[in-house]
Amino acid sequence: KQRVLTGITTTGTPHLGNYVGAIRPAIEASRDTNNESFYFLADYHALIKCQDPAAVHQSTKEIAATWLALGLDTDNAVFYRQSDIREIPELTWMLNCICAKGLMNRAHAYKGAVDVNIAEGEDADKAITMGLFSYPVLMAADILMFGAHKVPVGKDQIQHVEMARDMAQRFNHIYCKKEPLLTLPNFQVDDNVAVLQGLDGRKMSKSYGNTIPLFLGEKQLKKHINKIKTNLLEPGEAKDPDTSTVFQIWQAFATPEQTAEMRQAFADGIGWGDAKAQLFALVNAEVAEARERYEDLMARPADIEAELQKGAIKARAVAAPLLEKIRASVGIFGLA
Ligand code: TYM
């Protein structure tokens, strides 16, 4: 069986981009009986970006409820919270001790922050924590702790999976002369999965404040869709679907036939108001049922917690024996 593993950082409210780019394909993959799926809430990673405890806690609840409401079958997939797996921080330390600092110097998240500081004439390390600097080591532990073969991610995360692979190789080289203990992971970027644009046409992302949350009420969903930026072409004037956020989101939710029809409607000069009304109806139809389940689950946090506890038990049953072997391989085990 192929082990498939991916995580979502628990900052913010899940949006259409997370759904189309990560959650929907992951839930589909979990139904494939050739896969063994591990999906988790990366709440330790959240601490790197967010120091508001209430916000991290709320986001964890929202993201967990989202996966469950969308129909993740937790009997098929192992669904857990990173911080419940005590083995992960321990493996993180082991990896810290074999990971070259130079490798971390090249990590995008850290380098990006340094570049911003320098551009702003500030000290290069201003507000950069060790958490941000060693973020890829924690992510490597997430992946290697479960022997993942495939890690489906967006393009922004490719480098991190490659770094996890490097660390696994190095660990095996130093400590596992006879038989490698750590599985080398591969990233998986699905080119058919869209990177959704947000209200302003840039990538939909909480850091740009341009998202459409997945489980907005109907009225709010309509309002948000009406806010999608468009050009000034009038009804009756032909419009270019390939540069339109309305069309891009349409395509992510529609059947191929519906997409072809909308492409034709753009050529025929559909008005923006009309196109947005149709987009609202389409998205709403896909999410309406799950939204009810989501609202129901959000009112029953104990049930969400029970699912996470069940997942933690399954996840630790995989992590603990591997960690024992890892400890032994580095020389940490009982004296008698
Ligand atoms: P995160 O939380 O930033 O993103 C979660 C997933 O959502 C995808 N995504 C999008 N896809 C399409 N369109 C968009 N507009 C959009 N915005 C986000 C991302 O590509 C990603 O797949 N470090 C990781 C979490 C993590 C992890 C891991 C992932 C921690 N440990 C181990 C895999 C394996 C992160 O911050 O993802």
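This is a predicted model: local features need pLDDT of at least 70, side-chain atom pairs count only at pLDDT 80 or more; totals for chains, interfaces and linings use all residues.

**Overall build**

The protein has 14 helices and five strands. Along the principal axes, its C-alpha atoms fill a box of roughly 80 × 50 × 35 Å. The radius of gyration is 22 Å. A compact globule of 336 residues would have a value near 20 Å, so the two agree.

**Helix packing**

| Pair | Axis distance | Angle |
|---|---|---|
| H8 and H9 | 9 Å | about 70° |
| H10 and H13 | within 9 Å | roughly 135° |
| H11 and H13 | within 10 Å | roughly 30° |

Helix H8 packs on helix H9 (residues 158-175) at an angle of about 70°. An angle of 65 to 115 degrees counts as roughly perpendicular, so H8 is roughly perpendicular to H9. On the H8 side, the contact is made by Pro136, Met139, Ala140, Ile143 and Leu144. H9 brings His160, Val161, Met163, Ala164, Met167 and Ala168. By class, this contact has ten nonpolar residues, one polar and no charged.

Next comes H13 (residues 272-298), whose axis comes within 10 Å of that of H11 (residues 245-253). The two axes cross at roughly 30°. Angles under 35 degrees count as roughly parallel, which means that H11 is roughly parallel to H13. Their crossing is left-handed. H11 contributes Val246, Ile249, Trp250 and Phe253 to the contact. From H13 come Ala275, Lys276, Leu279, Leu282, Val283 and Glu286. Eight of the contact residues are nonpolar, none is polar and two are charged.

H13 also meets helix H10 (residues 218-226), and these axes cross at roughly 135°. What is the orientation of H10 to H13? The angle makes H10 oblique to H13. The crossing of H10 and H13 is right-handed. Glu218, Leu221, Lys222, Ile225 and Asn226 make the contact from H10. Their partners on H13 are Lys276, Leu279, Phe280, Val283 and Asn284. The H10 contact with H13 divides into five nonpolar, two polar and three charged residues.

Lys276, Leu279 and Val283 of H13 take part in the contact with H11, and they also take part in the contact with H10.

Notes
Residues are numbered from 1 along each chain as its sequence is written. Axes are lines fitted to C-alpha atoms, for helices over the stretch in contact, and angles run from 0 to 180 degrees between N-to-C directions. Helices (H or I, at least four residues) and strands (E, at least two) are DSSP runs, numbered from the N terminus. Angles under 35 degrees count as roughly parallel, over 145 as roughly antiparallel, 65 to 115 as roughly perpendicular and the rest as oblique. A crossing is left-handed if the near helix is turned anticlockwise from the far one by less than a right angle, and right-handed if clockwise. Two residues are in contact if their C-beta atoms, placed from the backbone, lie within 7 Å. Ala, Val, Leu, Ile, Met, Phe, Trp, Tyr, Cys and Pro count as nonpolar, Asp, Glu, Lys and Arg as charged, and the others, Gly among them, as polar. The radius of gyration is taken over C-alpha atoms; the globule rule is 2.2 Å times the number of residues to the power 0.38.
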